[in-house]
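We will go stop by stop.

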There are 2 protein chains.
Amino acid sequence: MSAPRLAGTVRERILSLAREKGQVSRGEISQAFSMDKKAVSVAVDRLLSEGILAVNGVRESRSGRRREILAVNGSHAATVGIDLGATHVIGVLADLSGTVLDRASYDIRPGLPVALILDQMRTIAARLVSTPRGGGARAIGVCVPGFVHPVEGTSLVAENIPGWKDVRIRDALQEGLGLPVRVEDASRALAVGERWLGKARGERDFLVLDLGFGIGMGIFIGGSLYRGTGWKSGEIGHTVVDPRGLPCACGGRGCLETVASGRAIARQAAEGIRDGRSQLLGELTKGNAGVVTAQDVGVAAGMSDPFAMELLEAAGSAAGLALANAAAILNPSVVVLGGGLVSSGRVFLDAIWKSADRHLMPGMRQDLRIVESELGLDGSARGMALIASERIFSGT
Amino acid sequence: MSAPRLAGTVRERILSLAREKGQVSRGEISQAFSMDKKAVSVAVDRLLSEGILAVNGVRESRSGRRREILAVNGSHAATVGIDLGATHVIGVLADLSGTVLDRASYDIRPGLPVALILDQMRTIAARLVSTPRGGGARAIGVCVPGFVHPVEGTSLVAENIPGWKDVRIRDALQEGLGLPVRVEDASRALAVGERWLGKARGERDFLVLDLGFGIGMGIFIGGSLYRGTGWKSGEIGHTVVDPRGLPCACGGRGCLETVASGRAIARQAAEGIRDGRSQLLGELTKGNAGVVTAQDVGVAAGMSDPFAMELLEAAGSAAGLALANAAAILNPSVVVLGGGLVSSGRVFLDAIWKSADRHLMPGMRQDLRIVESELGLDGSARGMALIASERIFSGT
């Protein structure tokens, strides 16, 4: 009879350390957790026999002792991560180390009926699950903008998707595919991606400012994802940047999202086109102001269109102010700028930096690195695949 | 030979649980930490023989088994907590359950030389330490506004105390008194007070908005005090509530402190007196506008002085906005309104409530209770005495 599979905290800690460090020795594990060497060896042996941990070679210490180099065996299992946004469904199949094995995506025009969006999500999930790569997916994670109920697997409300309310994501996917499904907020999924694969590796207290069609924030405190009392943390898009600002969909006024979200940038650009304030944007959209996107504005700003530059400067400036406010409260080591708008170009990003510098106390600023995500559009989906893999790490 | 004293985590967990619940049985301890009953009994017996835990009676369970009721023995040791603010030095001698045994305080006029402030602090500490009550103090805690270096025991900078920079609090006190000294931020000390003695008992994720001469925030995440990367968390006073607002001492513009701090309220009141906008405030200060305090404004507002009411409404409205912003990011279960300004009366507090309601998303608001502290002016000092007692709890 083989030894029972290792489950629970020791297992998770060893695997997390191995994933974080890339490679690790038995001695380093023992040191990191003040664990008895024998107990570490028993646990490691079980994880090796299960195949989730692998020996990646041997290192000779100065004293001549040979030490195995241990690493998470990425190919042990694969999971699917799906980012269901207001403008896209992006799915990835990733192995345990977060390497993407396959990818599928679909662009959503704002206003598409909820049933059609869910159909697209199911189609993409089914395609990725049926891929033989990685030995077949063992779990699915779906992230959505707005409030979620991770325990029930429900997306409660997404203001930026019309008609989206109490959508039972888990039920919608489990029915057809029979795999366990995790549901989480998209900005939190992005933060998990940054923590393990991106610019926040090894950081304990950091924030991810997720600038897309809407705006959210992922928060890590003490090395763990922070969700808040009702799983609603991170609504920086609805912090007030100007009490005399525009009314917001949330019922408030002057929220960050009214100025700096992709939705707000597109709305202002459409108005500008109608008012004849940007010939270039008019040309880019062939006179159909209603279809202009924040991406178009980024392109126009890159071509030095004054109106587009002005829009993005105002957006970046507001985002920098909100970032400074969050940092003043939480004193993080890093803020990662992520989400689709990060590709809007330097005008936008420079305005964020300048505004954050202006609004942050010097003592607070000196503790903080502001960095730009390099995970691109797939960041949330990749983070979500990692969240889905947590059950494989915990052995449950 | 007696058994060695219990030290470390198990000890702290048992004592913390006992302090939190007021009283606890061995079975409840075992259940709370999934700990072996025998291990619990060994640990509890040691704490009983040390005298830090006491048997407070016996309860009979339904099955007829007799169970000891255990509680922290408050009188086992005492500590001193000192709150060194811009307008006061408040010291308390408290027992291990946080009960105040003695108290001393001194009012500071803004602008007093640093050396004199430190003298007052030493005088108060010496007096409380020499009190025989509680068997004599075993540790001292000092909290100050602004950035601290808890490891070095230094108060780095307090913008609201002129000339205050890199003040070595621990050295200043250890010299004369020979007791261990902890240094912490005053709003964090208040949060610890609220957690164990006040309105946040048993809460895991909560905020304390500390409204005084300056404005700070104490943050608990997952049941623990959160300090931030460089021990600078909680600077809500320097979050921007109006980008077109007044310049702030921190170098920014439109910070909460420029409108809602005791300092800002007093400054605006002095201007109002000089401009003849409030006869009542003029009378209360006998024509010497320079000595008016936020407390005077509270008194005047209580007597329906329109100018004073307007000032406090604007201050409360700004504080409510900043509170809403912090809550949108952190989704706490409770925000406690504390600090000296809480006694400014209903006009101020109602404005905070109204503003928070207006600016918070409904879904976020429904998770949140906003409550007023009942610890009064001594909240930070009492919390600081508890922080000083941590070394007795940890057995180090």
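The tour below moves from the whole assembly to single elements and one residue.

**Stop 1: both chains**

Keep in mind throughout that this is a predicted model. Color chain A and chain B separately. Superpose chain B on chain A: a rotation of 180° does it, with 0.0 Å of shift along the axis and an RMSD of 0.0 Å. The two copies are thus related as by a two-fold rotation axis.

**Stop 2: the interface**

Now show the contacts between the chains. On the chain B side 37 residues take part, and they meet 37 residues of chain A. Which elements of chain B each supply at least two residues to this side? Select strand 12 (215-221), helix 11 (306-330) and helix 13 (362-365) of chain B. Helix 11 of chain B gives the most, with seven residues. Color this side of chain B by class: 18 residues are nonpolar, 14 are polar and five are charged. Of the interface residues of chain B, 100% are also interface residues in chain A, so the copies meet through the same surface.

**Stop 3: helix 3 of chain B**

Select residues 37-50 of chain B. This is helix 3, with 14 residues. At 1.5 Å a residue it should span 20 Å, and its end C-alpha atoms are 20 Å apart, which agrees. Which of its residues are buried? Pick Val40(B), Val44(B), Arg46(B) and Leu47(B). They cover an arc of only 160° around the axis, which puts them on the same side of helix 3 of chain B.

Then step past the end of helix 3 of chain B to Gly51(B), which follows it. The phi of Gly51(B) is positive, near 95°.

**Stop 4: strand 3 of chain A**

Look at each face in turn. On one side are Ala78(A), Val80(A), Ile82(A) and Leu84(A). On the other are Thr79(A), Gly81(A) and Asp83(A).

Strand 4 (residues 88-95) of chain A runs antiparallel to strand 3 of chain A, joined to it by seven bridges. A hairpin of three residues links the two strands. Check Thr79(A): its bridge partner in strand 4 of chain A is Ala94(A). Strand 6 (residues 137-144) of chain A also pairs with strand 3 of chain A, in the parallel sense and over five bridges. Here Asp83(A) stands opposite Cys143(A).

**Stop 5: Arg391(A)**

Finish on one residue. Arg391(A) sits in helix 15 (residues 390-394) of chain A. Leaving out residues up to four places away in sequence, Arg391(A) touches Ala139(A), Pro180(A) and Thr396(A). Draw a distance to Ala139(A): the C-alpha atoms are 8.3 Å apart, across 252 residues of sequence.

Methods. Residues numbered from 1 in each chain as written. Chains lettered and ligands numbered in written order. Predicted model: local features only at pLDDT ≥ 70, side-chain atom pairs only at ≥ 80, totals over all residues. Helix = DSSP H or I, 4+ residues; strand = E, 2+ residues; numbered from the N terminus. Expected span 1.5 Å × (residues − 1). Buried ≥ 20, exposed ≤ 12 C-beta atoms within 10 Å, placed from the backbone. Arc of directions from axis to C-beta. Pairing = 2+ DSSP bridges. Contact = placed C-beta atoms within 7 Å. Nonpolar A, V, L, I, M, F, W, Y, C, P; charged D, E, K, R; others polar. Least-squares fit on C-alpha atoms with pLDDT ≥ 70 in both.
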